[in-house]
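Hi there,

Here is the structure I promised to pass on. Have a look at it first, and my notes follow below.

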Amino acid sequence: MKQQTAAATAAPNTTGLGNSLKQRQLTMMGLGSAIGAGLFLGSGEGIMMAGPAVLISYLVAGTLIILVMWALGEMAAANPNSGAFSVYAEKAMGTVAGATVGWLWWLQLVVVIAAEALGAAHLLVTIWPVLPAWALTLIFMVVFTIVNLTSVKNYGEFEFWFALLKVSAIVLFLAFGIALLLGIIPGAASPGLDNLFSHGGFAPTGMAGIASALFVVAFAFGGTEIVAVAAAETINPERSVAVAVRTVVWRILVFYVGSIFIIAVVLPWTSEALLSPFAGVLNVAGLPWAGTVITLVAVAALLSALNANLYGASRMIYSLAERAQAPRIFSSTNARFVPVAAVAVSVAFGFVTVVWELLYPDTVLKVLLNLVGSTCLIIWGSALLSQFILRRRADRDGTALPLRMRGFPWLTLAGLVLLLAIFAVGFSDPAGRGQLLSTFSLVAAIAILSKVSHKRQQSSAAERS
């Protein structure tokens, strides 16, 4: 993207929220939401599906998220709004489309918040079994509800340092991994590059494995879009969004692709150590305490993502309420510009899962993860479609934009083609097909309800007039 040299300036914050988030906090929020247990604990799953060729899956999915973030960056700089892609979908495709996207993302985050609290609790119990998982989940939910009820400035600072912890852990892992490959760690022999081509070759499961891993990998990149939501409460959103988008994109690619490369080189794709891949690599490097450390880092990663996603969920339903697409109470803010009711309703499901976990231990987390499905792909698709429509409209009308996505319309269309390819891959796999059908059914249900609600509002308005 490039900056418009005309006299265009960033749109001011026109909501009842504050605008005290700093650019560094915005950047860390994007990283904090995207880098979670999917990288620390789930990256081994992709390697077991595709072997070292999972790197291709990560590069394809990484390319897609770059294009999505560029598209969101262009729209967020021109119109920083807590509803982000929901507002952009409404402007591009109508009220029902905007409401559908907004409610879909909110529901996704509500489920993810509960899953992250439970996941962090289950991980912590494995190394610190002092409290049961349900009690730890309750503690996490209470703590992060309080954090999100403070001023957005304090929340942003909290998330900055929380995200910085796990980013630092990844940097240290990359350093240890490179040292291991170079053979400069005392007592640990370098594995060389043999594991990339041994054990059946670079792509031992062929294109089918790469395709199956692609669906899993694409979901792992979910969360970066929160940058567009937070832009509404950021100082100088035009500059902050531009810097955050560039920084988040390349850092995520380096962290993900770099980490996966080291894991694939050090551990054979058939190794059981891939169940906890980071710990497996550090154990090869002669660091037996690695399992405990990585578990603690993964807990921090989950809690950081919980914190960021709770923020995102509360701001989305706040925006929906502002646009009369949710109960009006959720658009109220307190003296610190915090939408208290929006925060409360966004964490309510998380507290329900505490009781659920108490009654049915060790079953809730799997159910929640299956509910999330492939909703992030729908959000990404809506962002690309919205940017395509709004950019063409702006170019036609001669509207100056603070940021302009390069290579338009071809890069936007390339992103849509990549997204369609991932959907096609998902439908070719029975498990992926089930998730996609569930997601499409959910989208259809939300769209129908949004259409009915919109018609009722129009009828009421007509009667009043």
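Which residues make a nonpolar surface patch of about 730 Å²? They are Trp 134, Leu 138, Val 142, Ile 146, Val 355, Leu 358, Leu 359 and Tyr 360. (Patches take residues with over 30% relative accessible area and no salt bridge, joining nonpolar side chains, that is Val, Leu, Ile, Met, Phe, Trp and Tyr, within 5 Å; a salt bridge is a side-chain nitrogen of Lys or Arg within 4 Å of a carboxyl oxygen of Asp or Glu; areas come from the Shrake-Rupley method with a 1.4 Å probe, and only the protein chains shown count as cover.)

Please keep in mind that this is a predicted model, where local features need pLDDT of at least 70 and side-chain atom pairs pLDDT 80 or more, while totals for chains, interfaces and linings use all residues. Residues are numbered from 1 along each chain as its sequence is written, and side-chain values use heavy atoms, without hydrogens and water.

Two elements give two or more residues to the patch: α7 (133–149) and α15 (340–359). Helices are DSSP runs (H or I, at least four residues), numbered from the N terminus. The most comes from α7, with four residues.

Trp 134 sits in α7 and counts as partly exposed because its relative accessibility is 31%; buried means under 20%, exposed over 50%, partly exposed in between. The buried residues of α7 include Ala 133, Leu 136, Phe 140 and Phe 144. Among the elements covering the buried residues of α7 are α6 (95–127), α14 (290–322) and α15.

In helix α14 you will find Thr 295, which counts as buried because its relative accessibility is 14%. Apart from neighbours within four places in sequence, Thr 295 is in contact (heavy atoms within 4.5 Å) with Leu 123, Thr 126 and Ile 127.

Best wishes

Technical notes: Patch = residues over 30% accessible without salt bridge, like charges linked within 9 Å, V, L, I, M, F, W, Y side chains within 5 Å. Buried < 20%, exposed > 50% of the residue type's maximum accessible area, 1.4 Å probe, protein only.
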